[in-house]
Amino acid sequence: MLRVSVATSGVTRLPLTSPLRSCLVLSGGIRERMPSVAAASSISTSSGPPDVDGGAQRKLPWLIVGLGNPGKLYQGTRHNVGFEMIDAIAEAEGIPLSKMQFKALFGKGQIGDVPVMLAKPQTFMNASGESVGPLVSYYKIPLNQVLVIYDDLDLPFAKLRLLPKGGHGGHNGMRSIIKHLKENREFPRLRIGIGRPPGKMDSANFVLRQFNRQEREELDFAFQRGLDAARLLVLEGFNKSATFVNTAQSQMLNK
């Protein structure tokens with residue numbers, strides 16, 4: 001599998017020491033991850049919300065949102081791959097999702113030297129915008145630095161697609177987010193393919209199905225690829241990340 005490593009000055013890559021569910025554990029053991037980075041402290045400013053990294057040469061933060069449904073009933077289902085991708089990033093980068101803010105499980109930290117915020121809206125999928133809209137507004141995040149990660153029925157299973165903007169494509173979580181961003185669609189999104197339902201199965205039932213063992217193994221690789229893509233996006237920009245995610249997979253899909 002193609003791997004991309006992003007060098008961070010003065011930091012040595014270390015193996016992950018605490019396993020993250022099945023999405024980070026494969027038959028060969030736990031993969032190496034970038035080292036954990038302690039969450040940055042918040043500093044209040046007179047003009048708005050807390051500064052995310054507080055440094056003298058402050059970089060604009062990223063907000064990375066994964067979509068899903070809260071509760072044990074929905075854990076491990078196809079509709080919750082956005083949640084699992086956020087869990088993978090949080091584990092690899094040492095960012096605890098330990099707070100509830102604007103109806104989301106929320107955490108602050110860094111990828112390399114870039115401040116990031118991770119969020120898993122707890123509103124249920126169809127009302128995701130009730131969480132994302134206020135987060136974007138409060139922290140004054142530029143929309144081109146809001147990445148939304150979600151499941152996609154129209155992509156082959158475990159395939160990823162990174163786009164700079166677009167519509168909701170019939171996805172109710174994205175529909176809600178666009179509505180609460182005042183119909184603005186100019187934000188990047190990472191789609192994770194969950195495939196089409198078999199036979200005449202209803203899509204609403206299909207997205208709430210669990211993965212079988214083979215699917216879970218394929219999904220593990222997709223999460224690793226998504227983690228690499230998120231690091232590239234934050235540290236090197238959209239074009240490099242999109243080339244990494246989309247080009248090789250497009251060639252595979254056209255074979």
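Are Glu215 and Arg78 buried or exposed? Both Glu215 and Arg78 are buried, where buried means under 20% relative accessible area, exposed over 50%, and partly exposed in between (1.4 Å probe, protein chains only).

A word on the background: this is a predicted model, in which local features need pLDDT of at least 70 and side-chain atom pairs count only at pLDDT 80 or more, while totals for chains, interfaces and linings use all residues. Residues are numbered from 1 along each chain as its sequence is written, and side-chain values use heavy atoms, with hydrogens and water left out.

A salt bridge here is a side-chain nitrogen of Lys or Arg within 4 Å of a carboxyl oxygen of Asp or Glu. The count by this rule is 12 salt bridges, including these:

| Pair | Closest N to O |
|---|---|
| Glu215 and Arg78 | 2.8 Å |
| Asp228 and Arg231 | 3.8 Å |

Glu215 sits in helix H5 (residues 213–236) and Arg78 in the loop between strand S7 (62–66) and helix H1 (81–93), so this pair ties together parts 137 residues apart in sequence. Helices (H or I, at least four residues) and strands (E, at least two) are DSSP runs, numbered from the N terminus.

Asp152 and Arg191 are both buried.

Helix H5 also holds Asp228 and Arg231, 3 residues apart, about one turn of the helix. Asp228 is buried, with a relative accessible area of 1%, and Arg231 is buried at 2%. Together with Glu93, Asp228 and Arg231 are linked in a network of salt bridges.
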